[in-house]
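Subject: Structure handover

Hi,

Here is the structure for you to look through. Please open it first, then read my notes below.

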Amino acid sequence: MSKINKIAVFTSGGDAPGMNACIRAVVRTSLYLGYDVAGIKQGYQGMIDDNIEDMNRHSVSNIMQLGGTILKTARCLAFKTPEGMQQAYDNLKKRGIDALVAIGGDGTFTGAERFSATYDIPVVCIPGTIDNDLFGSDYTLGFDTATNTVIEAIDKIRDTAESHDRLFFIEVMGRDAGCIALRAGIASGAEAIMLPEKDTAISDLIDMLEKGAAIKKSSSIVIVAEGDKNGGAFGVAKKVKETFDFYDTKVTILGHLQRGGSPSSFDRILGSRMGYAAVKALINGDYRKMVGLRGNEIVLTDLKEALNEHEFKLEDDLMEMATVLA
Ligand code: ADP
């Protein structure tokens with residue numbers, strides 16, 4: 001690989017709060033170190049459509065506090081084809097772009113790895129997804145903000161649940177990973193948490209709720225990750241209602257509000273650290289890596305390893321504690 005002159009940054013896959021702080025860090029670090037920098041709009045789609053703009057310090061002024069991504073994001077099937085990749089490469093070459101920082105999830109990483117291997121172009125990836133389900137980082141960008149958003153919503157629902165002695169089933173994002181459900185459940189004092197990683201039998205859930213009723217709990221909140229095997233919050237509520245028909249049962253699906261909002265201080269700082277580290281990695285010749293946070297250290301993991309090991313494990317001790325404290 002030849003010397004780098006111009007770095008481009010893009011966001012791809014699902015958006016997540018903190019991506020803007022990260023874009024800002026990539027742009028400012030690149031400029032500070034004497035590299036040109038460009039922003040690619042709408043991820044791989046923008047690479048194919050040549051939707052690319054040169055960036056300067058001011059392109060990223062006043063964006064730190066914004067949710068979403070100023071570069072926009074997209075899912076792009078064409079990038080999975082050799083013709084799409086070739087078109088993307090030709091556009092980068094035409095613009096003198098010779099290194100990439102990709103912010104996204106494992107789909108984005110897979111595309112980046114293939115592209116880098118095919119065209120010998122330096123790429124460093126940054127984990128941006130609210131699901132916190134990537135190998136190689138204790139935290140992904142956006143997870144902390146999304147969890148805070150969920151907690152705020154549950155606190156509000158608790159007020160009405162308490163006033164009416166209601167049983168609420170609240171569905172949160174997480175098709176394959178229950179990270180948001182587990183953390184938000186602990187932080188909001190939920191009576192039970194249903195996770196995709198753990199099969200909770202409806203009879204066990206009913207036992208838990210009956211114990212709550214026996215000690216005269218006036219409201220109960222059950223957090224259900226969307227990937228729970230019982231059919232999400234509606235599925236769980238229907239099954240529980242068959243036993244608890246005296247309870248006033250309600251279902252709330254939090255949905256996309258979990259994706260938005262101003263990033264927390266944690267995500268702003270994490271995005272800044274990861275963007276800064278990604279540019280440093282490119283300059284040091286650390287290609288095809290993913291930037292991650294382990295403990296409080298920024299670390300690089302081989303992209304291939306991050307993709308192969310994508311089996312993310314929820315912490316057993318947190319699951320156990322959640323049951324004890326409920
Ligand atoms: P995420 O990055 O959040 O996991 P996706 O799975 O939608 O989101 O992936 C984002 C984009 O990455 C896809 O729309 C596609 O353009 C690209 N991508 C995903 N898988 C591949 C692949 N096998 N080859 C090339 N590009 C891919």
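The structure holds 12 salt bridges. Keep in mind that this is a predicted model. Side chains of opposite charge can pair when their charged atoms come close. Here are some of the pairs, one by one.

**Asp-54 and Lys-6**

The side chains of Asp-54 and Lys-6 form a salt bridge, with 2.7 Å from N to O. This pair links distant parts of the chain. Asp-54 belongs to strand β3 (residues 52–54), and Lys-6 to strand β1 (residues 6–11). They are 48 residues apart. Are the two partners buried or exposed? Asp-54 has a relative accessible area of 52%, so it is exposed. Lys-6 has 10% relative accessibility, so it counts as buried. The cut-offs behind this are under 20% for buried and over 50% for exposed.

**Asp-120 and Arg-288**

Asp-120 pairs with Arg-288 in another salt bridge. Their closest N and O atoms are 4.0 Å apart. Again, distant parts of the chain are linked: the two residues are 168 residues apart. Asp-120 sits in the loop between α4 (106–119) and β5. Arg-288 sits in the loop between α9 (265–283) and β10 (289–294). Asp-120 is partly exposed, at 42% relative accessible area. Arg-288 is also partly exposed, at 23%.

**Asp-138 and Arg-294**

Next, look at Asp-138 and Arg-294. Their salt bridge has its closest N and O atoms 3.3 Å apart. Asp-138 lies in the loop between β5 and α5 (143–164), while Arg-294 is in strand β10, so the pair ties together parts 156 residues apart in sequence. Asp-138 is partly exposed, with 28% relative accessibility. Arg-294 is partly exposed too, with a relative accessible area of 35%.

**A network**

Which residues are linked in a network of salt bridges? Asp-50, Lys-94 and Arg-95 are.

**Ile-126**

Now leave the charged residues. Ile-126 is part of strand β5 (residues 123–127). Why does Ile-126 count as buried? Its relative accessibility is 0%, and the cut-off for buried is under 20%.

What does Ile-126 touch, leaving aside residues up to four places away in sequence? Its contacts include Cys-22, Val-101, Ala-102, Ile-103, Gly-104 and Phe-109. Leu-141, Met-274, Gly-275, Ala-278 and Val-291 are also among them.

Best wishes

Note on methods
Residues numbered from 1 in each chain as written. Predicted model: local features only at pLDDT ≥ 70, side-chain atom pairs only at ≥ 80, totals over all residues. Heavy atoms only, no water. Helix = DSSP H or I, 4+ residues; strand = E, 2+ residues; numbered from the N terminus. Buried < 20%, exposed > 50% of the residue type's maximum accessible area, 1.4 Å probe, protein only. Contact = heavy atoms within 4.5 Å.
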